[in-house]
Amino acid sequence: GEIVTPSHPLVIANTMITQLQRPAIILVVLIVALVQGCARHPVDAPRQEQRVMAQQGVSGSLEQAMAPTFYLTDTDKPHNRIGQVVATGSQAAHTITIAPDRPVFYVGAKQWSTPQGVYTNLIYRIHFLEQPYSLIPFNYGAGQHVGLLVILTLNAHDEVVLVTTAQTCGCYAVSIPTKTLPTSAYPRDWPTARLTVAGEDLPAQLPAIGAHDLVQIVLRPEVHRVMDIQVVPRVSLAADVVQATFADIASLKQLPLGDGTTTSFYYQDWPLTGHVKGAFKPWETLLLGLVSFDLFVGMDKEYGDTHESGNPFHTSLKPWNRHSSDMNDFAGYLRFNGWRL
């Protein structure tokens, strides 16, 4: 958790400026570490595993019926378990943390369109306590309150045509088609079998997802990277699963406090507007802040509407792509990546 006070963002900014003044030789060493950090982290034989899926209910909503399941390993460690975002204290001074024994899927839906058709995104947001600090392997994305987005894009017949995943910092965003999507909508250079996303080997296409199937997201422990996406029969997960509750994604802006008021999971004031409270990533700031012209690079952020959050959910480090790669404009994000839906 982290104590939040009115002066807190300025304290963070001052700390980062001090870090960026370190000798150049240290920066070179850290860049080498960054290259190593981008490589795939080895996974030892898991000591404990969990399959987390949504609680079965009677709401009848598409969000609940089609919610993905998550396969997690090394869940004996609290930071490898999906949790609930919790706030304690008062508006003047409060603590935000992730409760790792109460898995919650934060869920929303958004319709969007292109000249080719109308689509609906089912949005699933999950959070973890932290990505722990580590030198070997080097976790350059270490920090608190890290999260993951899974977005299922449905066509007009409520069939899944795309599965999109991204860390809630905007990192490692990728969209993978199902066989339901015509190949004419793919990017022109799309691979036929597998694709690599910053060291992770993922399928280039998923099977069509039927009424009795679920998307299963396999996560790498410690760093919470997506290491596989599968389509599995729902009945294969009927036993030995951890059930997660649902919460509206908008509820992250109204976390209840002990004094009867509420607070947001996100900073409301400049210079951290729209970023997740307590999600500062010192290594990413030091290594990538100047390159990306973003001192808060790597910080997790709000997903939904750039005009409301004041913070684009950009998925490219290049400053000139900040708006064209903004996943809050999903049609624009797809165009940026060559999709022709």
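A salt bridge here is a side-chain nitrogen of Lys or Arg within 4 Å of a carboxyl oxygen of Asp or Glu. The model is predicted, so local features need pLDDT of at least 70 and side-chain atom pairs count only at pLDDT 80 or more, while totals for chains, interfaces and linings use all residues. Residues are numbered from 1 along each chain as its sequence is written, and side-chain values use heavy atoms, with hydrogens and water left out.

**Stop one: a salt bridge**

Select arginine 194 and aspartate 201. Their side chains meet in a salt bridge, at 3.0 Å from N to O. For accessibility, buried means under 20% relative accessible area, exposed means over 50%, and partly exposed lies in between (1.4 Å probe, protein chains only). Arginine 194 is partly exposed, at 40% relative accessibility. Aspartate 201 is partly exposed too, at 29%.

**Stop two: glutamate 200 and arginine 220**

Next, select glutamate 200 together with arginine 220. They form a salt bridge whose closest N and O atoms are 2.6 Å apart. This pair links distant parts of the chain, 20 residues apart: glutamate 200 is in strand β14 (residues 200–203), and arginine 220 is in the loop between β15 and β16. Helices (H or I, at least four residues) and strands (E, at least two) are DSSP runs, numbered from the N terminus. Glutamate 200 is buried, with a relative accessible area of 2%. Arginine 220 is buried at 5%.

**Stop three: lysine 77 and glutamate 222**

Stay with the loop between β15 (213–219) and β16, and select glutamate 222 there. Its salt-bridge partner is lysine 77, with the closest N and O atoms 3.3 Å apart. Lysine 77 lies in the loop between β3 (69–73) and β4 (84–89), and the two residues are 145 residues apart. Lysine 77 counts as partly exposed at 25% relative accessibility, whereas glutamate 222 is buried at 19%.

To see a network of salt bridges, select Lys253, Glu302 and Glu308. The count for the structure comes to 8 salt bridges.

**Stop four: the sheet**

Now switch to a cartoon view and find the open sheet of 10 strands. Its order is β12-β11-β10-β7-β6-β17-β2-β3-β15-β16, with mixed pairing. β12 (174–177) and β16 (226–233) stand at the edges with a single partner strand each, so one side of each is left without a neighbour in the sheet. Two strands count as paired if DSSP finds at least two bridges between them.

Select β10 (residues 147–154) and β11 (residues 160–167), which pair in the antiparallel sense over 7 bridges.

**Stop five: the disulfide**

How many disulfides does the structure hold? It holds 1, where a disulfide is a pair of cysteine sulfur atoms within 2.5 Å. Select cysteine 169 and cysteine 171, whose sulfur atoms are 2.4 Å apart. Cysteine 169 is buried, at 8% relative accessibility. Cysteine 171 is buried as well, with a relative accessible area of 19%.

**Stop six: helix α4**

Last, select residues 282–292, helix α4. This helix is mostly covered, with 8 of its 11 residues buried. Among them are Pro282, Glu284, Leu287 and Ser292. After α4 comes phenylalanine 293, whose phi is positive, near 55°.
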